[in-house]
Amino acid sequence: MKKLFFLIFSSAMLCCGAAVAQETPMQDVDSLQRVVDDLNEQVRAAEAAERDRAIWKDRAKFFNLGYASQKLTPMDVSGDLSWKSDMGFSLVWGRTYYLHKKPLARMIKFGIDFAWMDMNYAKYSIPETTSGPSRYGEPELDLGAHQFEYGMQVGPSITINPVSRLKISAYFHVVPSASLMVLDDEVNAGYATFFNAGGAVSFNVISIGVEGRWGRASYNNFSLGALDEGMEDVSDVVETGKAKFKTGSVRVYVSFRF
């Protein structure tokens, strides 16, 4: 009887020992798996943060070099009179301020664009019928036809990042500007409000974009009048007035984002 009891007790102890020995390695495996999972999660979070920084934060500033095709139309003249630019250039420097930290649906961000510099220049060829000899038979002073604006842009934008570093953006900006025009012997200056609407496709640093630009303004103009004998005051020579013009243009540009 004692031998039978001893045999049963020994078998039970062996079974318990085997069970304990089997449970310990399983616990170690579970603990190791949790550690691995935590490390993988940390790596994925770090990669996501780096990707977000590289795509959004490091590419928030923009510097645009553009070519402009522009049309200038006097509003005080009856008939269909307008001048098309021979050439035009633009220079824009600014930054996009995103309204939320994480992209919606992992790919969309809304923002506010602010450009502290928007320079635009266009040169025109004025028809010969608009100028001619003076009453003394001498040619009028001809400085050519030039238009220059310096302004600031502000407005909403939306940017989509469908894959990798590729981004597609669209925007609408208000551009308060100081405008200066030289038309032959006449100088026009005034404040003008322009509007820009367009879009761009970018990959890493380089972007290609196109936008429409339009606006109208009232200008104070100054010109040299006829030089008559006996004039003693310069104010008798300089003629002043007001004129209204509207401007429409298309600008194609290369942008560097950094």
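The largest cavity holds about 310 Å³ of space. The model is predicted, with local features needing pLDDT of at least 70 and side-chain atom pairs counting only at pLDDT 80 or more, while totals for chains, interfaces and linings use all residues. Residues are numbered from 1 along each chain, and side-chain values use heavy atoms, without hydrogens or water.

A cavity here is a set of points on a 1 Å grid over the protein atoms alone where a 1.4 Å probe fits but cannot get out, and lining residues have an atom within 4 Å of a point. Volume is the space filled by probe spheres set on the points. There are 2 cavities of 30 Å³ or more.

Of the 25 residues lining the largest cavity, Phe-62, Ser-169, Tyr-171, Tyr-253 and Arg-257 are closest to its centre. Strand 5 contributes the most to this lining, with 6 residues; strands are DSSP E runs of at least two residues and helices H or I runs of at least four, numbered from the N terminus. The lining comprises 9 nonpolar, 11 polar and 5 charged residues.

The second largest cavity has about 40 Å³ of space. Its lining includes Ala-54, Ile-55, Arg-59 and Phe-203, and helix 1 (2-55) and strand 6 each give two or more residues to it.

Technical notes. 1 Å grid on protein atoms, 1.4 Å probe; cavity = no way out; pocket = protein on both sides within 12 Å on 5 of 7 lines; lining within 4 Å. Nonpolar A, V, L, I, M, F, W, Y, C, P; charged D, E, K, R; others polar.
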